[in-house]
Amino acid sequence: MGRMTFVIRRLLLLIPTAVGVTIIAFFLIHLIPGDPAATILGIHATPKRIALLHQQWGLNRPLASQYWLFMDRLVHGNLGQSLYYGVPVWGLITSHLPTTLWLIVYAGVLGVVISVPLAMIAASRKDAVRDHIVRVVPLLGLGMPAFWLALILQSELAVRLQLFPVTGYGSGPLGHLHAMFLPALTVAVALCPVVIRSLRASMLNVLGADYITTARAKGVPGHRLFVRHVLRNAVIPAVTVLGINIGFLVGGTVIVEQVFALPGIGNLMINSIFQRDFPVVQGVALVFGIMVVLVNLLTDVAYASLDPRVRFDR
Amino acid sequence: MSAISLAGTAGTAERAQPRRARWYRQPALLAGAVLLAIILFMVIGAPLVTSYNPDTQNLNATLQGISGQHWLGTDQEGRDTFTRLLYGGRTDLQIAFLAVLFPFVLGTILGSLAGYFGGWVDIIIMRLVDIVVAFPFFVLIIALVFVLGPGPRSIYIAITLVGWVSYARIIRGEILVAKRQEYVLAAQSGGLSNLRIMARHLLPNVITQAIIYAMSDIVQDILAIVTLSYLGLGIQPPTPDWGTMISDGQNFLTTHWQLTTIPGIAVIITGLALSLIGDGLADLLRPGQS
Amino acid sequence: MSERGVPGQAMLEVDDLRVQIATRRGIVRAVDGVSLEVEAGEAVGLVGESGSGKSMTLRAILGVLPPEATITSGRVVLDGADLVELPRAQLNKIRGPKIAMIFQEPMSALNPVMRVGPQIAEGPQVHLGMNRARAAERAVELMRRVGIPDPERRFRSYPHEFSGGMRQRVMIAIALSCDPELILCDEPTTALDVTIQDQILRLLARLCRESNTSLVFVTHDLPVVAQVCRQLAVMYAGQIVERGTVQDVLTRPCHPYTLGLVRSAPDVDHVRASLVPIPGAPPSLVHPPAGCRFHPRCKFAEEDCTVTDPRLRMIDAHRSTACLHFERCLDELRTEGADR
């Protein structure tokens, strides 16, 4: 079978999940107590506007038919119209998406850069002082509110020491890297506890394995041993854990974008919440859902690529 | 196989420790429990610790620093920070501890059904899990709270609707393994009803993992509550809460850093206590698997 | 055939080696004063039951002990240098070119995510300074030598794609890759099928003969050691209790433990009246019995056996035993022979 067939098969299996995601996004509107249209319009509600929304969303029709309408529009790339901006939701999302993607990747890279050395230090001498020190980090990090850390970093490093811009996206690739460093660092720190823990555990597992003894018995020197034998095996379970927690990575960006005023889809979503712009909220939630589904697929592919015992003929 | 395979290994035998033995010997568990006890005492016994009222404004004494009268100073409306910290803890912890129960119960039930019966029940429930899990936790919570309206009630509903999945997965996994054990077969051949088997035989054995997870879940819930309140979607003023405190104080970060910093530290410390307990329990109940 | 060592002088000399393991129940004296000599081209067997310390001895020689275990005293002298004192960097240079090791479980002893060829080629790359291509050639050569069919293609296979016997051949290839003087074998055939066992043993014996490589072969299986080795040392509770040639030790055991082993082993050639297991259980190595460690299970035990911890002493030109009353074993054999 081959990599392409594997990906396609997985994609097919994901379709029911993706459909489910759309169903939930669709249903959000129906959880609103009372008349959704009236609630959403709030103080702007006039009978004419309410009627307009009812017609736009087909709220008079049976549920299934509404969903069909929703899906029909979706497939044609129509996520509705923003109530606040009056422009298509899809356009809003595509213009804001790159920032968020940048942030996610940046945070992921920083997260790895921080976690791997720490996990290595801890695993190299189990139960020693350095191990305990490193293990405290996740304990503190798990309970740390991301937005709080964001505020503090912002206040100290951006406002006070002026090392970074306080808010915004910057311009040009270097500008982006500079401006997004603090937000990415915040998200990375939020991710680190989970990654450090699982990496440390899998490294300890690997270090105790027989094939490491074989490699030592072969006289393989330290650094080569670590990279080719230990790390190469230890990342496999860690990739799975990372995949499972990707939801948190992505979710963390939402609040961080808010604090640093980055023009990403998370910020878009929160602002839309305050502006009671439901179609945008629904659209962003949907996009998030699909994104996570795709990332899970990527994780599966990565896992299969890394572990030859799994391979693509499954 | 050679015939010279005499009795096992000499010297290094390690017997598996009996389950509840020596819980007080686990440093993590002990430290966490003590820390949590201190926190709970201060938070529940707030009226004993501080004489101020969290809502009393004193516009003559706004934004004061640390002093003998106000241990952590006052905020922009002259309210005593220390008092608000304790009462805010009450609000947040109360909701978090209560909020963890509903997903626990719902998830355990669904997970048990999925694991025990398998087949279509399993497929449907796990599909549902996949779908809910596809949304980032916060995104879904925020969207749900927005839709349902701000306030504690929405928080409970949102957390329940989103949080049950982890418990379902854990319990299902444990049951899949446990139902092959001999005592289950014995119960089934003894003619016991499925419900009875699940409730009285399987559940007590598999619930431990869920309880351990619940510790980290409470931490997550605290973070969710605090984040929602920071955004203005959670606990509404004037009810004191750590999230609103952080939000209120953020404009004064450079001058009066304690207003925003201290509540965050409170969250971290509470999270630390709960994580220690969770880790300690995990070590205790499954030795050698930290 | 290369010149190995100085004829007549031991290539490897283990002198009073002691290894301790820190466990929750106390300090385990896993290896308690083991001395061994291996000449060039010689195959020495080390037998004993599980927990007797034989694997630990091998690991201590190479310095690949688990983290809880430490060498507390003793020397391991290879070509004049004491390996115990050697710093890690130096030790790494010895592992491979001078001493190699073969492990029991080939599935877990091979890196699962690395192809088999590069694993064999790694040694030459690191120690013999070969580049990738040259090392790969050598790996293919070695694979052919150990009897792996279609080596050029199998070079790129992963360990899980091989059968147990083939994987062990890969391990042997790895061990031979840098032309070592000594190969330490830790129960290499225990995990294999009986038929495959035989093939692997013959292969090992032949290869070592061809290149005059020494072997230290650890096993709990008497027939196996008889097939491969000339010299034999018997271990019990962390100590060597008897030494001599394989032939001599197995036909005329001079220690009650060896006697027990021989009697409890099924012998295909001579049908025994009955298999006699050794009564009792192996002793705790945290608090070993006073005096001779075997005395609680020994039918010949006397007063003095509970007092002094007997050490190996020579009873003949190439024979030593640690039993104070070894003649009783020989008497026992004579009566048994008379009964047949």
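**Entry 1: ground rules**

I am working with a predicted model, where local features need pLDDT of at least 70, side-chain atom pairs count only at pLDDT 80 or more, and totals for chains, interfaces and linings use all residues. Residues are numbered from 1 along each chain as its sequence is written, while chains are lettered from A and ligands numbered from 1 in the order in which they are written.

**Entry 2: confidence in chain A**

I checked pLDDT, the predictor's confidence in each residue, from 0 to 100. Chain A averages 83, and 96% of its residues score at least 70. I found the lowest confidence of chain A in helix 2 (residues 36-41), with a mean of 71, and the highest in helix 10, at 90. For helices I take DSSP runs of H or I with at least four residues, and for strands runs of E with at least two, numbered from the N terminus. A reminder to myself: where pLDDT is low, the predicted coordinates should not be read in detail.

**Entry 3: chain A against chain B**

I counted two residues as in contact if their C-beta atoms, placed from the backbone, lie within 7 Å. Chain A puts 35 residues into its contact with chain B, and chain B puts in 36. On the chain A side, helices 1 (3-28), 6 (129-142), 7 (146-160), 12 (246-260), 13 (265-274) and 14 (278-306) each supply at least two residues. Helix 7 of chain A gives the most, with seven residues. I sorted the chain A side by class and got 27 nonpolar, seven polar and one charged. My classes: Ala, Val, Leu, Ile, Met, Phe, Trp, Tyr, Cys and Pro are nonpolar, Asp, Glu, Lys and Arg are charged, and the others, Gly among them, are polar.

**Entry 4: chain A against chain C**

Here 17 residues of chain A touch 23 residues of chain C. Helix 10 (210-217) and helix 11 (222-244) of chain A are the elements giving two or more residues to the chain A side. Helix 10 of chain A gives the most, with six.

**Entry 5: helices 12 and 14 of chain A**

I looked at how helix 12 of chain A packs on helix 14 of chain A: the angle is about 145 degrees and the axes are 10 Å apart. Axes are lines fitted to C-alpha atoms, for helices over the stretch in contact, and angles run from 0 to 180 degrees between N-to-C directions. Ile246(A), Gly247(A) and Val250(A) of helix 12 meet Phe288(A), Met291(A), Val292(A) and Val295(A) of helix 14. That makes six nonpolar, one polar and no charged residues.

**Entry 6: chain B**

I get eleven helices and zero strands for chain B. Of its 290 residues, 47% are buried (20 or more other C-beta atoms within 10 Å of a residue's own, with C-beta atoms placed from the backbone).

**Entry 7: a hairpin in chain C**

Strand 11 (residues 313-316) and strand 12 (residues 319-321) of chain C pair antiparallel over three bridges; pairing takes at least two DSSP bridges. A hairpin of two residues joins strand 11 to strand 12 of chain C. I noted Ser320(C) in strand 12 as the bridge partner of Met314(C).

Note on methods
Buried ≥ 20, exposed ≤ 12 C-beta atoms within 10 Å, placed from the backbone.
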